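Here is a short briefing on one protein model. Look it over first, then read the points below.

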Amino acid sequence: MQKPRFWAFLMILVLFMAALTGCSNRAKDDKKDDALLLGFSQLGSESGWRIGNTISVQDAAQAAGVRLMLENANQSQEKQLTALRSFIAYRVDVIAFSPIVQDGWDNVLREAKEAGIPVIIEDRTVVTKDESLYAVHVGSDFYSEGVMAGEYLLKKLSTLPPETVLNVVELTGTQGSSPMLLRSAGFHDTVAKEPRIRILDSVSGDFMISKGKECVRLMLEKYGSDFDVLFSHNDAMMYGALEAFGEYGVTPGKDVIVISVDGEQEAIDLLKEGKVNCVVECTPMLGEAIMQIAKDLVDGKPVEREIYSSERAFTEFDDLSQLAPRGY
Ligand code: GYE
């Protein structure tokens, strides 16, 4: 009579142990699920800069043990709004996104706030009536970038004969986007005090190679040899412009002074070859900062509201032989 009771006791013990192990496995799974969940809405893949930005976020999420839900909106604000709403419905811990244009986000930001999900605005900025609708903006100072482009041109002009007049074609980024508006403002404000610098035209190439090429073809048709300076709001459009210059027998860097923004490796190489005169830096490497901010927000730690990357201009007047590889 003793033996069956002993076996029953052993069975119960085994089941109990199994249940305990099960519990501890579940605890481990829960822990995995506890990893911070970040919903990231990327606006598109229009440039090398943008692709570098996406990779930076993916790599940093992996290194930080952050689970990433990534949506690419392919240049559509509608798609970005849908992605943001799906993150809210999924109840992610934090949302980060790069807004394609600066207006039109208040409703969705309010929905995120009501759901208790903090929002990090990365790269481009938003204009909102209620500043409490997002937690942090991390990115570049686009106005300063325009100023640096303008300062380079003033310096270049000072090296040319005094009677020189420089006619500028401005190739702008996506209409209504913060880098387009602010780079333009910074540049215009800086060169406005110099009457020998004139803005011939401003046309939008939407930050894309193909559209940049198209616009510069049109500008060359329209202005011919009056076209002295190209200020391109990003490197991608500048690559397209160089193709157009090639078709028209224009030597970039000499016949036309070329200024661009971003600082991709390819642009720096063109600068070293003398085909580009000035490249203003704008770093897409924001991933690590985003992960740190996301963690701090979830932990309830204080965060800085506005975080700017530190940036410089690379010009034909600089010694760039020691410049480290750009990484994008
Ligand atoms: O300059 C451009 C990209 O928003 C700063 O977007 C970014 C800009 C960048 O497409 O290449």
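How much accessible surface does the protein have, and what share of it belongs to carbon and sulfur atoms? The accessible surface comes to about 15,800 Å², and 55% of it belongs to carbon and sulfur atoms. Accessible areas come from the Shrake-Rupley method with a 1.4 Å probe, and for residues only the protein chains shown count as cover.

This is a predicted model, where local features need pLDDT of at least 70, side-chain atom pairs count only at pLDDT 80 or more, and totals for chains, interfaces and linings use all residues. Residues are numbered from 1 along each chain as its sequence is written, and side-chain values use heavy atoms, with hydrogens and water left out.

**Overall make-up**

- The protein has ten helices and twelve strands. Helices (H or I, at least four residues) and strands (E, at least two) are DSSP runs, numbered from the N terminus.
- Of the 328 residues, 51% count as buried. Buried means under 20% relative accessible area, exposed means over 50%, and partly exposed lies in between (1.4 Å probe, protein chains only).
- Take the contacts between residues at least 6 apart in sequence: 74% of them join residues at least 24 apart. Contact means heavy atoms within 4.5 Å.

**The six-stranded sheet**

- Six strands form an open sheet in the order β2-β1-β3-β4-β5-β11, and their pairing is parallel. Two strands pair if DSSP finds at least two bridges between them.
- β2 (67-72) and β11 (306-308) stand at the edges. Each has a single partner strand, so one side of each is left without a neighbour in the sheet.
- On average, neighbouring strands of this sheet are turned by 15° against each other, direction ignored. Axes are lines fitted to C-alpha atoms (for helices over the stretch in contact), and angles run from 0 to 180 degrees between N-to-C directions.
- Strand β5 (residues 136-139) runs parallel to β11, and three bridges join them. G139 stands opposite Y308 in β11.

**An enclosed strand**

- Six of the six residues of β9 (residues 257-262) are buried, so this strand is largely enclosed by the rest of the structure.
- I257, I259 and V261 point one way from β9, while V258, S260 and D262 point the other way. All of them are buried.
- β9 pairs with strand β8 (residues 229-232) in the parallel sense, over three bridges. L230 has V258 in β9 as its bridge partner.

**Two residues with positive phi**

- Most residues other than glycine have a negative phi.
- Q75 is not a glycine, yet its phi is positive, at about 70°. Q75 sits in the loop between β2 and α3 (77-90). Its relative accessible area is 25%, so Q75 is partly exposed.
- F207 also is not a glycine and has a positive phi, of about 65°. F207 lies in the loop between β7 (197-204) and α7 (209-223). Is F207 buried or exposed? F207 is buried, with a relative accessible area of 3%.

**Salt bridges**

- The structure holds 18 salt bridges. A salt bridge is a side-chain nitrogen of Lys or Arg within 4 Å of a carboxyl oxygen of Asp or Glu.
- R305 and E131 meet in one of them (3.0 Å, N to O). This pair links distant parts of the chain, 174 residues apart. R305 is in the loop between α10 (287-298) and β11, and E131 is in the loop between β4 (119-122) and β5. R305 is partly exposed at 32% relative accessible area, and E131 is partly exposed at 43%.
- E247 and R217 form a salt bridge, with the closest N and O atoms 2.8 Å apart. E247 is in helix α8 (residues 235-247) and R217 in helix α7, 30 residues apart. Both count as partly exposed, E247 at 44% and R217 at 26%.
- K213, E214, R217, E243 and E247 are linked in a network of salt bridges.
- R312 forms a salt bridge with D318, with the closest N and O atoms 3.6 Å apart.

**A nonpolar surface patch**

- Y143, L181 and L182 form a nonpolar patch on the surface, with about 220 Å² of accessible area together. Patches are made of residues with over 30% relative accessible area and no salt bridge: like charges are joined within 9 Å, and nonpolar side chains (Val, Leu, Ile, Met, Phe, Trp, Tyr) within 5 Å.
- L182 belongs to helix α6 (residues 178-191). L182 is partly exposed, with a relative accessible area of 32%.
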